[in-house]
Amino acid sequence: MKFLSTSEKQTSNFAKKISKNLTGGQIIGLTGNLGAGKTVFTKGLALGLGIKKNITSPTFVLMKVYPVTKNQQIKFLVHIDAYRIKSARDLMAIGADEYFKRPDTITVVEWADKIKKILPEKTKFFKISIEKTSRIINY
């Protein structure tokens, strides 16, 4: 399926809609070039889950964990950025793979294509492509 977005607000709202169908335990892999909107998508998911904190890409810290308080099933949103990862072992060393198994957690991985081999088979991928004045999100 495809979604055409012509603004950051549309991308964020699309992700908010996606968040309404999440029940916990899902892993979302985001792929696309720099500036495609991976972090905007993640911010929209966070808003949909009721997270008010400002979401920023964890490029230098690799992983951020946000508590989810307004959802009975989902307790955490884990945001991983694999852009600087040289090896999937780097993420495993900080315990990222532990969150993949948690039924009370949504894990979002930016640059998921770089660590695809350690992601569970059930990972749902969203590829964001840059067009001249829009973004195409394939999922």
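**View 1. W111 in the loop between β5 and β6.** In this predicted model, W111 is found in the loop that joins β5 to β6. Its backbone has a positive phi of about 60 degrees, although W111 is not a glycine. Most residues other than glycine have a negative phi. With a relative accessibility of 14%, W111 counts as buried, because buried means under 20% relative accessible area.

**View 2. L62 in the loop between α2 and β3.** L62 is found in the loop that leads from α2 to β3, the strand of residues 63-67. L62 is not a glycine, and yet its phi is positive, at about 75 degrees. Is L62 buried or exposed? At 15% relative accessibility, L62 counts as buried.

**View 3. The largest nonpolar core and its neighbour.** The largest nonpolar core has 22 residues, and those with the most contacts inside it are I28, F41, L45, L77, I106 and F126. Which elements give two or more residues to this core? They are the helices α1 (8-19) and α2 (38-48), together with the strands β2 (27-31), β5 (105-110) and β6 (124-130). A second, separate core has 17 residues, including L62, A96, W111 and A112. In soluble globular proteins, nonpolar side chains tend to be buried together.

**View 4. The surroundings of L77.** When its neighbours within four places in sequence are left aside, L77 is in contact with A46, L49, I51, K64, V65, Y66, V68, I106 and V108. Among these partners is I106, which, like L77, belongs to the residues with the most contacts inside the largest nonpolar core.

**View 5. I137 in strand β7.** I137 has its place in strand β7, which covers residues 135-138, and at 0% relative accessibility I137 counts as buried. If residues up to four places away in sequence are not counted, I137 touches M1, K2, F3, T11, F14, F41, F126, K127 and I128. The C-alpha atoms of I137 and S5 are separated by 7.6 Å, while the two residues are 132 residues apart along the chain.

View 6. M1 lies in the segment before β1, the strand of residues 2-5. At 70% relative accessibility, M1 counts as exposed. Which residues does M1 touch, not counting those up to four places away in sequence? They are I137, N138 and Y139. The C-alpha atoms of M1 and F126 are separated by 9.8 Å, although these residues are 125 residues apart along the chain.

**View 7. The whole protein, for orientation.** The protein contains four helices and seven strands, and along the sequence they follow the pattern β-α-β-α-β-β-α-α-β-β-β. The radius of gyration is 14 Å, close to the 14 Å that the globule rule gives for 139 residues, so the protein is as compact as a globular protein of that length. Taken along the principal axes, the C-alpha atoms fill a box of roughly 40 × 35 × 25 Å. Of the 139 residues, 50% are buried. Among the contacts with a separation of 6 or more, 64% are between residues 24 or more positions apart. The protein exposes about 7,700 Å², and carbon and sulfur atoms supply 52% of this area. There are 25 positive and 10 negative side chains, and the centres of these two sets lie 6 Å apart.

Conventions
Residues numbered from 1 in each chain as written. Predicted model: local features only at pLDDT ≥ 70, side-chain atom pairs only at ≥ 80, totals over all residues. Heavy atoms only, no water. Rg over C-alpha atoms; globule rule 2.2 N^0.38 Å. Buried < 20%, exposed > 50% of the residue type's maximum accessible area, 1.4 Å probe, protein only. Contact = heavy atoms within 4.5 Å. Areas by Shrake-Rupley, 256 points an atom, 1.4 Å probe, with all protein chains shown as cover. Lys, Arg positive; Asp, Glu negative; His and termini not counted. Charge placed at Lys NZ, Arg CZ, Asp CG, Glu CD. Core = buried A, V, L, I, M, F, W, Y, C linked by side-chain atoms within 4.5 Å.
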